[in-house]
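Please keep the viewer open as you read.

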Amino acid sequence: MNRRLISAFALLALASPATAQTINVALNADIRSTNPGVNRDDNTDAVVLHMVEGLVGYRENGAVAPLLAEKVAVSPDGLSYTFTLRKGVKFHNGAELTSADVLWNWTRYMDPKTDWRCRSEFDGRIGMKVTGVTAPDAATVVMTLEKPSALFLDTMARTDCAMVAIIHKDSLKPDGSFDKPIGTGPFMLGDWRRGEFVSLKRFDSYVSPPGDKRDGYVGRKNALVPEVKFLSIADGATVKAGLLSGALHVADIPDSDLPEMQKSGSVQVMTAPSATKHALLLQSRDPLLSDVRMRQAIAAALDLDELVAQASNELGKVNNSAIHMASPYYSEVQRQRYNHDPARVKKLLTDAGYKGQTIKLIANKRSTVPSFPVAVVAQAMLQAAGIDSEIEVLEWATQLDRYSKGNYQMMSFSYSARIDPAQSYNQFSGPKDTYPSKAWDSRRADELIEKATITADEGERQKLFDELHKLMLADAPLIFLYNQVDTAVVSKRLQGFAAWVAGKPRLWEVGLAN
Amino acid sequence: MLRFALTRILMSVPTLLIVSISVFGLIRLIPGDPASLMLGDLATPASIADLQARLGLDQSVPVQFGIWFGNLLKGDLGQSINSQQAVLPLILQRFWISAQIVLVAVALASLVAVPAGVLAAWKQDTSLDLSLVAVATLLLSIPTFWLGLLLLLFFGLKLEWLPVVGYVSIAENPIAGILYLIMPIMTLFLHEIGVILRMARASTLEVLRLDYITHARAKGLTESAVLWNHAFKNAFGPTWTLIGLVLGNLLGGIAVVETVFTIPGLGRLLVDSIFARDYPVIQGCMLFVAFTYVLVNLVIDLCYPIFDPRVTAQ
């Protein structure tokens, strides 16, 4: 067959004015819904946050900054937050954003029927409680808290809370059920073919936040291409073929595939450290691991530099802290870490009366996390140090079930990104009787975390986090290994794309060269 | 024939009932539940219990089964926990995509493999026979995912003839739709050739050794008349049965091929639903697959008299 003839035939069949300017992004699974912060996962957040925006959002370094708000003023007692809305912001249906929209959205989110993931974060069940929301005028919203909280704005900016996205009332059907997101973002929903793709169209009347460049979820946010398509592709080999053929422009691939992609001249590899934490959990309620000397022995048995290099394909750096390395709270104290010390391991094992019992290490083989490679290298290091261990590979849902119930001895696990250190500590610290999934059950730690959630002063917070880190290293309830290095493989045609700490693709201010 | 068909359909009811009870029970025995997966690493026992209650998963398994079965009798397979779509339209939509690949691939494979199998039997132990058997064995031995990837690399990446990722419906754009389906169809086609060819060869060989074939030859009939008028009709029965089984199997799940070629078919829906513990979709898919299997084999049985008049639909 004539190659040129067939290629021309294929192009004729596929070409449309839009496809030439469509950025194709690979997702490892379809999104769950387009309802912000409700039926969601990481992929869902990544797509939806192109269409909707909140009052505040994360900057490139993880700090929180105004987004739909022009400015945020905090009262001296820390109880009242006044958001002044940016002028001229429009929803995708042309309506102008007012404080009434913010009030309507807040009422909807706090209604149990909405099923918003983060309702418990704001209704006092976990700690913070918003006692009132008022709109003194069309451009001002005042939110009042029961008690001061250093986490209020950070929680408002959280991606899993969909940034408390402000959507238009017409996003709902007449019966009150969700229809589609009519937000204020640079892209609007084009088409969602379940199991195939989500297509987003450029919102031509978008009013960008101020700034001369993109800055996380804030800063300049103009859409440069008419369409972005997120394609659901589960198979890693197909993703690689798509990238190399030019059919895909952005994809996240496992670290192990990076050398191969770097060798090919047709794509560029971008990396950025994220706040996702990879860890080895040690169950302190297990008869064997309840002895802190056993947990310390495990920590000392691991050659962390080697382990992280192997598991991350030499991309990651050892970080035993719960605070991500790009955080302003990542101090000298946070750099303190476990050291590989075989002699100490021997002593600790003898002191703990270890008799060669086998420790089961649970892992999964998802391609998006290094759970299995971490387990394999850790097992080899533990065996070398005289600690017998066995890997049990579980499918993700089963592992999550075991994690939720605290039903494990050791587990290779990854925590989703939390930018604020107190949020990060909250992920794994708490009373095991009430929350069996928590890895660290320490009253002192809980007190320090509680203080860090209400203290706004950065110096004070730093002291609290530093004390927490030292306490965690001594108690060894889990061993943080490293922060995920996000690796985006992108087409050489793509201009302006960059990976960043939140680990989610952003397709505004990104163009496609011909 | 109508009575036969109705009897067979009624006989399938207990099968489908057993399938639905076992799938319903087994999927709930696997650890992990949709609420935990939806809430992720920050889930608390209270939030999980809350969501389970809203999804109706807090009730006992027999009660859940009773509700599901009651709705099933009304033709309602429920709603997906994951996508919140109605399950039956979702399955039908995905089934149509899988069916167009499977039906074309099996039809083409049959058209090639059956004559090739008969030919191989006719020329038994010649170089032609050995070559055909070797090719069939090779095609049968290659896993479909690997074959798919090879095609993807060759026709998609190297020659750049066919699109590598994505899917376009034939109804939306017939030419693009066909281009996206060529490689998945080719993968199944090549794999199934091996299966059908070997069966066609074996059953023809068996028939060629029977006395009535010797008698036909002794009558002075030409070899082609012996082969096609006397041997083939009798030898085709087992191959036809196998084609039915292959069709039933493939219609129920070509998840691997669909995953490699990013085809949003029924197999991928089922696999994704299992990973997400989307119980209503898993139950609906399994029941649908079982029903399809029964139906395909019924059609196969009803077609027997066309090839062999001795068989009647009684």
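## Ground rules

Two residues are said to be in contact if their C-beta atoms, placed from the backbone, lie within 7 Å. This is a predicted model, where local features need pLDDT of at least 70 and side-chain atom pairs count only at pLDDT 80 or more, while totals for chains, interfaces and linings use all residues. Residues are numbered from 1 along each chain as its sequence is written, and chains are lettered from A and ligands numbered from 1 in the order in which they are written.

## A glycine in a loop

Let's begin with Gly496(A), which lies in the loop between strand E19 (494-495) and strand E20 (511-512) of chain A. Helices (H or I, at least four residues) and strands (E, at least two) are DSSP runs, numbered from the N terminus. Setting aside neighbours within four places in sequence, Gly496(A) is in contact with Glu509(A), Val510(A) and Gly511(A). Its C-alpha atom is separated by 8.8 Å from that of Trp508(A), 12 residues apart along the chain.

Burial here counts other C-beta atoms, placed from the backbone, within 10 Å of a residue's own: buried is 20 or more, exposed is 12 or fewer, and partly exposed is in between. Gly496(A) counts as partly exposed because it has 14 C-beta neighbours inside 10 Å.

## Helix H6 of chain A

Seven of the 10 residues of H6(A) are buried, so this helix is largely enclosed by the rest of the structure. The buried ones are Thr238(A), Val239(A), Lys240(A), Ala241(A), Gly242(A), Leu243(A) and Leu244(A). Their cover draws on both chains, and includes strands E1 (22-27), E13 (250-252), E14 (267-282) and E18 (478-491) of chain A, along with helices H7 (144-158) and H11 (255-260) of chain B. Just after H6(A), Gly246(A) takes a positive phi of about 90 degrees.

## Where the chains meet

The contact takes 35 residues from chain A and 43 residues from chain B. On the chain A side, helix H1 (3-14), helix H6 (236-245) and helix H12 (396-405) each supply at least two residues. By class, that side has 17 nonpolar (Ala, Val, Leu, Ile, Met, Phe, Trp, Tyr, Cys and Pro), 12 polar (the others, Gly among them) and six charged residues (Asp, Glu, Lys and Arg).

## Chain B as a whole

Chain B has 13 helices and zero strands. Its C-alpha atoms fill a box of roughly 85 × 55 × 35 Å, taken along the principal axes. Of the 314 residues in chain B, 39% are buried. Among contacts in chain B with a separation of 6 or more, 72% come from residues 24 or more positions apart.
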